[in-house]
Amino acid sequence: MSEGRRNFIKKTALASGGIALGINSMSAKSYSKIIGANDRVRVGIAGFSNRAKGALIPAFLGHHKKQNFEIVGVSDIWNRRRDEGAAFLKEKTGEKMRIWRNHDEMYDENKIDAVIISTPDFQHALHTVQAANAKKDVYVEKPFAETMDDARVGKKAVQDSGIVFQIGSQRRSGKNYHAANDYIKSGKFGDIVMVEMSWNVNQPDRWRLPELTSQIKESDTDWKRYLMNRPYEEWDPRKYLEYRLFWPFSSGIPGQWMSHQIDTVHWFTGLNHPRSVAANGGIYLWKDGRKNYDTMTAVFDYGPSDDLSKGFQVVYSSRFTNSAGGTKEIYYSNGGELNLDTNKVSPNGGLKASHANKMGMKENQLPEFDLSDSAVQVVTSADTGADNMTSLHMLNWMECVRSRKETNGPIDAAYNHSIANIMTTAALRTGLKSTFDESAQDVLAGDTVFKY
């Protein structure tokens, strides 16, 4: 671990532990009384990304008047994004926006109550720490963390601060996913024996921004602040803008796509993380200088850690190079399947119909929604936009900021999907089976703690 990384983690851990005085010493109980039912909630945008512009801000603006929320400013370390963000928000709201050169300035001015964080993957947990230390409620994009050091300090900050936290795993606000969760937990489906998941596209330009990469200058941004606790390296515009292609700034497929799907396994089963992961992959086609794989497959063993005789397997595969198969999320029991692509439960592949019927496995559509409802449709295009699940997820966060109740995507969900992601990354990058050390809360590749 670099000295800079060690100092950053030490500093954020101390602050999130409530050692700092002033606003950080405020108790969760007293903080819960700050925002009254009729008070307007002021929100800052931390990182004016394409995701913020195309999905998160539109989702917010779909509910802000009824919920009495307003966006008051944008923080971004790149001057172009600051200006674009302020102009975009003024066009959408008619209001002049505050502009902050970085998140420290935003929190020091103390003109916001909550923040929407849409910064690069590796920064999410650490930017959550900053917000939690300032006692600002958080909506943060997934993945929550790409290393366990960051995941641990992020989780502690949220728990100690009492803020309302929402991880951007929008499936947790999808009608069909709630119906599936209820059905599995009812016991009618039977024990899960296998889960198959995939996310396939044919998009050579996915996560590429060549035009912007040719235009950005180091002098227009703050490279050292961007790196945060990652090892120092010289300015690289691709790693600034196309970070999803480069480890350790992003794990790529695991953090971007798998985190959504593997999170449903934790949610539906109550298991916090896999017992082990084996994985491999490669850059088989798009050889454009990227370091993260364009194709990968991971095999997970899930079940109680104290009873290895119980459990099930999850197989996750993903590729950039051929879109056949699209997305798939199928849960299997001995009696049949629950298919979250068709949103149907059926005795397909199970025991003969008479026995399946005794288990409650009659073919049926999951209840309480219409298959034509866009709130149940998963979008995999490069520009997902403000789909209904994202809109419902944003609304859930806004309502919980008011009520101080737990959101659909609490910190435990964020932490647990991070464990699964990091275990996958460890297996991919070392070729070793990864496990989780429960006592130390560390991911092991073989017998070694995985860092980078």
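## Close-up views of a predicted model

**View 1. Strands β5 and β6 at a parallel pairing.** Y139 has Q166 in β6 as its bridge partner, and the strands β5 and β6 run in the parallel sense, paired over 3 bridges. Strands pair here if DSSP finds at least two bridges between them; strands (E, at least two residues) and helices (H or I, at least four residues) are DSSP runs numbered from the N terminus. The model is predicted, with local features requiring pLDDT of at least 70 and side-chain atom pairs pLDDT 80 or more, whereas totals for chains, interfaces and linings use all residues. Residues are numbered from 1 along each chain as its sequence is written, and side-chain values rest on heavy atoms, with hydrogens and water left out.

View 2. Six strands in parallel pairing form an open sheet with the order β3-β2-β1-β4-β5-β6. Its edge strands, each pairing on one side only, are β3 (98–100) and β6 (165–167). On average, neighbouring strands of this sheet are turned by 20 degrees against each other, with direction ignored. Helix α3 packs on the sheet, where it touches β1 (41–46), β2 (69–75), β4 (114–117) and β5, and its direction makes about 155 degrees with that of β2. Helix α15 lies across β1, β2, β4, β5 and β6 and runs at about 170 degrees to β5. Axes are lines fitted to C-alpha atoms (for helices over the stretch in contact), angles run from 0 to 180 degrees between N-to-C directions, and contact means heavy atoms within 4.5 Å.

**View 3. The packing of α3 against α15.** Helix α3 (residues 50–61) packs on helix α15 (residues 388–403) at an angle of about 55 degrees, and their axes are 8 Å apart. That angle makes α3 oblique to α15, the class left over once angles under 35 degrees (roughly parallel), over 145 (roughly antiparallel) and 65 to 115 (roughly perpendicular) are set aside. The crossing of α3 and α15 is right-handed, that is, the near helix is turned clockwise from the far one by less than a right angle. From α3, the residues R51, A55, L56, A59 and F60 meet T390, S391, M394 and M398 in α15. Sorted by class, the contact of α3 with α15 has 6 nonpolar, 2 polar and 1 charged residues (nonpolar: Ala, Val, Leu, Ile, Met, Phe, Trp, Tyr, Cys and Pro; charged: Asp, Glu, Lys and Arg; polar: the others, Gly among them).

View 4. H393 is found in helix α15, and because its relative accessibility is 0%, H393 counts as buried (buried is under 20% relative accessible area, exposed over 50%, partly exposed in between, with a 1.4 Å probe and protein chains only). Leaving out residues up to four places away in sequence, H393 touches Y139, Q166, I167, G168, S169, Q170, R172, S173, N408 and G409.

**View 5. Q130 in helix α7.** Q130 has its place in helix α7 (residues 124–133). With a relative accessible area of 18%, Q130 is buried. Residues up to four places away in sequence aside, Q130 touches H103, D104 and Y107.

**View 6. The partners of strand β8.** Strand β8 (residues 276–282) pairs with strand β9 (residues 295–302) in the antiparallel sense over 7 bridges, and S276 stands opposite D301 in β9. The pairing of β8 with strand β15 (residues 434–437) is also antiparallel, over 2 bridges, and here V277 has S434 in β15 as its bridge partner.

View 7. Most residues other than glycine have a negative phi, and most peptide bonds are trans. The bond from K142 to P143 is cis, with omega near -5 degrees, and P143 is found in the loop between β5 (137–140) and α8 (148–161). Likewise cis is the bond from W247 to P248, with omega near 10 degrees; P248 lies in the loop between α12 (237–241) and α13 (253–269). M228, although not a glycine, has a positive phi of about 50 degrees; M228 is found in the loop between α11 (223–227) and α12, and counts as buried at 18% relative accessibility. R404, likewise not a glycine, has a positive phi of about 65 degrees; R404 lies in the loop between α15 and α16 (411–430), and at 21% relative accessibility R404 counts as partly exposed.
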